[in-house]
Amino acid sequence: MPENAPVLLDDVDRKIIAELTRDGRLSVTTVAENVHISRAHAYARISRLTSTGVLTKFTALVDPVKAGLKSSAYVTLKVSQHSWRELKEELRAIPEVQHIALVGGDFDVILLVRAEDNTGLRRVIFDQLQSMAGVQDTQTFLIFEDLDAR
């Protein structure tokens, strides 16, 4: 099966995913109880969802302001046609860049950048992003308020 091929999911898989998305710390026993399946069945399903790449990691969501990251922005990049492969690795190396997406439209890449303050945000944008080979243009959209969509 190709690496990016969709994995066939049934209602039980979707319920397990919903439970773990709501709280990634749930025990397998609690997931099994909430989905109304046996613990062994839940363990096997979670194992399959993980091995097939449907579940990629279990992580905590952090409140950026409480964690000291008071300045956030979405930064769009226009990049040279063949620079994406090298550029994505450089972007991953910047700790303040929390999300990277290759997109279609008026720009090529959108980043979520979080820093301690505006000085840190400015440093990332002007000193790091704009100086990267392959970056032709940037545009910055400051975030005034973050809302959790769920």
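Biologist: Which residues does Asp-13 touch, not counting residues up to four places away in sequence?
Modeller: With those residues left out, Asp-13 touches Leu-8, Arg-45, Arg-48 and Leu-49, where contact means heavy atoms within 4.5 Å. Please keep in mind that this is a predicted model, in which local features need pLDDT of at least 70 and side-chain atom pairs count only at pLDDT 80 or more, while totals for chains, interfaces and linings use all residues. Residues are numbered from 1 along each chain as its sequence is written, and side-chain values use heavy atoms, with hydrogens and water left out.

Biologist: And is Asp-13 buried or exposed?
Modeller: Asp-13 is buried, because its relative accessible area is 1%; buried means under 20% relative accessible area, exposed over 50%, and partly exposed in between, with a 1.4 Å probe and protein chains only.

Biologist: Where does Asp-13 lie?
Modeller: Asp-13 belongs to helix α1, and helices (H or I, at least four residues) and strands (E, at least two) are DSSP runs, numbered from the N terminus. Asp-11 is also found in helix α1, but Asp-11 counts as exposed, at 55% relative accessibility. The C-alpha atoms of Asp-11 and Val-35 are separated by 9.8 Å, and these residues are 24 residues apart along the chain.

Biologist: How do the axes of α1 and α3 cross?
Modeller: The axes of helix α1 (residues 11–22) and helix α3 (residues 39–51) cross at roughly 80 degrees and come within 11 Å; axes are lines fitted to C-alpha atoms, for helices over the stretch in contact, and angles run from 0 to 180 degrees between N-to-C directions. That angle makes α1 roughly perpendicular to α3, since 65 to 115 degrees counts as roughly perpendicular, under 35 as roughly parallel, over 145 as roughly antiparallel and the rest as oblique.

Biologist: Which residues make that contact?
Modeller: From α1 the contact is made by Val-12, Asp-13, Ile-16, Ile-17 and Leu-20, and from α3 by Arg-45, Ile-46, Arg-48 and Leu-49. By class, the residues of the contact of α1 with α3 are six nonpolar, no polar and three charged, where Ala, Val, Leu, Ile, Met, Phe, Trp, Tyr, Cys and Pro count as nonpolar, Asp, Glu, Lys and Arg as charged, and the others, Gly among them, as polar.

Biologist: What about α2 and α3, at what angle do they pack?
Modeller: Helix α2 (residues 28–35) packs with α3 at an angle of about 105 degrees, and their axes are 8 Å apart, so α2 and α3 are roughly perpendicular to each other. In that contact, Val-28, Thr-29, Val-31 and Ala-32 of α2 meet Arg-39, Ala-42, Tyr-43 and Ile-46 of α3, which by class gives six nonpolar, one polar and one charged residues.

Biologist: What is the phi of His-36?
Modeller: His-36 has a positive phi of about 65 degrees, although it is not a glycine. For background, most residues other than glycine have a negative phi. The place of His-36 is in the loop between α2 and α3, and His-36 is exposed, with a relative accessible area of 71%.

Biologist: Changing topic, how many helices and strands does the chain have?
Modeller: The protein chain has five helices and four strands, which follow the pattern α-α-α-β-α-β-β-α-β when read along the sequence. The radius of gyration of the protein chain is 19 Å, well over the 15 Å that the globule rule gives for 150 residues, so the chain is more spread out than a compact globule; this radius is taken over C-alpha atoms, and the rule is 2.2 Å times the number of residues to the power 0.38.

Biologist: What does the C-alpha trace span along its principal axes?
Modeller: The C-alpha trace of the protein chain spans about 55 × 40 × 25 Å along those axes, and 30% of the 150 residues count as buried.

Biologist: Where is Val-79, and what is it in contact with?
Modeller: Val-79 is found in strand β1 (residues 71–79) and counts as buried, at 11% relative accessibility. Leaving aside neighbours within four places in sequence, Val-79 is in contact with Leu-87, Asp-108, Val-109, Gly-134, Val-135 and Gln-136.

Biologist: And Glu-116, buried or exposed?
Modeller: Glu-116 is exposed, with a relative accessible area of 56%, and lies in the loop between β3 (109–115) and α5 (118–129). Not counting residues up to four places away in sequence, Glu-116 touches Gly-68, Leu-69, Lys-70 and Ser-71, whereas Glu-116 and Ser-38 are 46 Å apart in space, C-alpha to C-alpha.
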